Amino acid sequence: MTTEAPGRALKLEPIKSIKKAPKEEYFESGHRTCQGCLSSLPMRLMAKAAGPRTIVLGTTGCMYVANTTYMSTPWVVPWMHTQLGAAGSSAIGTAAGLKSLMRKGKMKDEPINVIAFCGDGGGADMGLSAISAALTDIEYNLLIFLYDNESYANTDIQTSGQTPWGAVTTFSPPGKKHRIMQRRWKKNVPGMLAAGHPDTRYIASGTPAVPVDMMDKVRAALSAGGPTYMHVLDPCPKGWHYDPEHSTELGKLAIETGIYPLYEIKDGVLNFTGKTKQLALGRRRKPVREYLEKQGRFAHFKNQDYAYFQKKVDEMWEQWIIPCVVAFSYGGPINITTEEPKVRNNNVKRENASWIGEPGHAHEEHEGVSDMPNEPWRDDNELDEYPNALPSMGQ
Amino acid sequence: MTISKPLGRQTEKLTTGTQAVAQAVKLADVDVMAAYPIRPYDGVMQAVAKLIADGELDAEYIVAESEHSQFEICKHASAVGSRVFVGSSGVGWMYAMESNAVTPSLRLPVVAMIGNRALDDPGAFGVEHNDAMAVRDLGWLLFWVEDAQECFDATLMAYRVGEDKRVFLPVGLGVDGAFITHSQTLIKIPDQETVNEFLPPYDLGERLLHPDNPISIAPQANEDWVMEIRKQTDDAAKRVKGVIREAHDDFRRLFGRGGDNPFFEEYMTEDAEYVLFGMGSLGLPAKVMVRRLRDRGEKVGFVRLKWFRPFPDEELAEVLGRFRAVGVVDRDYAYGSPQHGGVLFTDLRAALYDAERRPRVVNFIGGLGGRELTPEMMDEMAYITKRAAAGETVPTVSWIGVRE
């Protein structure tokens, strides 16, 4: 099958184990993030997984202000700042620019990864509509990488749409009258994006606390073709109030308590990964209290607060039609079975596409670069003589 | 709906202002465009969409979900070396303001058409210049066109000047909503070869964002370096006038039009004692007024500013110093400004302060929200300016055509 080359996705193999990860670093020393920062680690892992033929766009946030200082930038790959709400639009602009130049012969034709990262404030709050738009524009290969440290951490820890219920931030301090000032349940961003963007070929959640899983998801996203999204939970010692040595432990506890699920949705097929897969198979979830009481931001919690939090997490697992992913269930009679999910895309191997299938990824094995046509409509010439369909269009 | 007749190496075409910009976008071989609807600019995006659909232009055409994204998309496409075109109007342009504010600092030559529109509320889609003027201090170059032909010409000029490596600044084309965006006139369109001679390919050089050139753009600089970076942009802004002069000379040589002066147009000013001064579609009623008053023996003229940024201060001081009085017509407002005058008035008075011969400068605010500025209103402004020229006491600032 032939197609226009511009816009091809680079095909990257899964890493599989930390020892097999590439030794080359594309996110080096020079950043100024806090000790124990699990938001700078995914930058390093993401750059390592993506490799040198990559352009990174970074929105305003910790990973800009603390991470990319003039004259001491850690980025080895080309990097550009973008506005707080512009992860989606910066990625589209960069990918469209490259694609047009390659198609028109103004630039060497080759696959180049485009990754735009944003924090939870920039992505889940301000930039959500631009990310949504980017995920519908299937002509462009790009990855939106949301690092979620559950607050506006760079500006002194303020509540974001990703701050957990009840957490203390500088905008939600406990007081004499109100113990709980943050009363909003955390937005389910990857689930929302997956549910609303059926043409997006890859959406995943990860955490640097499980680094190989996260890197392999970056590679799967970049190899999928089209726009993709990754949500990454990053424990934050400053914002969550804990000793920096516990960062990784907290990331793992978020998964084991069932508060934060690990999964990937490839071509419309969901697979839980890592420990979340075991929870989906019936392994007992740890009580949320084990996770919450290790963090100072929940130190004001009383028993009823823990109970409420546990109840909400139990709902995610027991009442959502797809646990932790799709936040509703059936209201009326409907004949549906989840035993054998339908495989929407024939390119996905059926044995990997199962709901609780093999660990890792449902993406195809590929050598080099895919020549799958992304845009069949680009070839149509039959409309050359098509008249102006809307005569009144002339303003 | 086109009437084409070859004229030397040029084709004649009946177009609106927005369609004229689209023709220039096509000949400039723009690579990436982002569209979002708002009147009255959006006719240009309808026109380029049709050019792409018909295969006359090869470009990425992205329908954004907001003006903010529209301008961010083009900013970033520009950073990887593609020539971009974008635009908006009124509050849409203001919605993109964050992006508009940083684009000059990034030194990216984004070209935007601003179909000038009132900043509603209250709802109004007619012309006012406050939308585009909101970026006047930020490093945008701003050109106000008079008609569809100048829409076409100024678009090519915008790419030529903005992409010059001594400049690298974004350019905004102020196009009066309705009066120019939606009015058809015959324009002359040059052939591709001549356009290519005028407009070299866009080349960011060592500032290209590409894996072969792994630079970091706009890192966190803070007080350590921001001042030096601002000064570099200031230096670039100072170089623009020279670049405009060069481009204007080439434009006249290749396309055979453009007038003597690259920055403003003088109309019947040779022996004038007083003139009106303004921008945009105002030119038409102003010229009608000048001709009618000249028939009655009045020594009146008109000066139409084309480049508002950079502001041609010295050039204007030299020319306007010949007159006894200048009546500045502002299609904008600047509440609480010196004398409560308009933006153009305040800028012009600042430009004339050091001049050896300073005319009296009075101000007229009119045509807001798309209200027509008629030749009769221009007569009224000319009369007040004439009285100012004669040394009579007149209001410094007058609102024209306001119902009591």
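## Domains of chain B

Domain bounds here come from an automatic or database domain assignment. On that basis, chain B splits into domain 1 (5-255) and domain 2 (264-399). The model is predicted. The C-alpha centres of domain 1 and domain 2 of chain B are 28 Å apart.

## Contact between the domains

Domain 1 of chain B places 27 residues in contact with 21 residues of domain 2 of chain B. On the domain 1 side, four elements of chain B each give at least two residues: helix 6 (130-133), strand 7 (141-144), strand 8 (171-176) and helix 9 (222-255). What is the make-up of that side of domain 1? It has 17 nonpolar, 5 polar and 5 charged residues.

Two packed helices are described by the angle between their axes and the distance between the axes. The crossing is right-handed.

Chain A contributes A:Gly88, A:Ser89, A:Ser90, A:Ile92, A:Gly93, A:Thr94, A:Ala96 and A:Gly97 to this contact. From helix 3 of chain B come B:Ser69, B:Glu72, B:Ile73, B:Cys74, B:Lys75, B:His76 and B:Ala77. The contact residues of the two helices divide into 5 nonpolar, 8 polar and 2 charged.

Conventions. Residues are numbered from 1 along each chain as its sequence is written. Chains are lettered from A and ligands numbered from 1 in the order in which they are written. This is a predicted model: local features need pLDDT of at least 70, side-chain atom pairs count only at pLDDT 80 or more; totals for chains, interfaces and linings use all residues. Two residues are in contact if their C-beta atoms, placed from the backbone, lie within 7 Å. Ala, Val, Leu, Ile, Met, Phe, Trp, Tyr, Cys and Pro count as nonpolar, Asp, Glu, Lys and Arg as charged, and the others, Gly among them, as polar. A crossing is left-handed if the near helix is turned anticlockwise from the far one by less than a right angle, and right-handed if clockwise.
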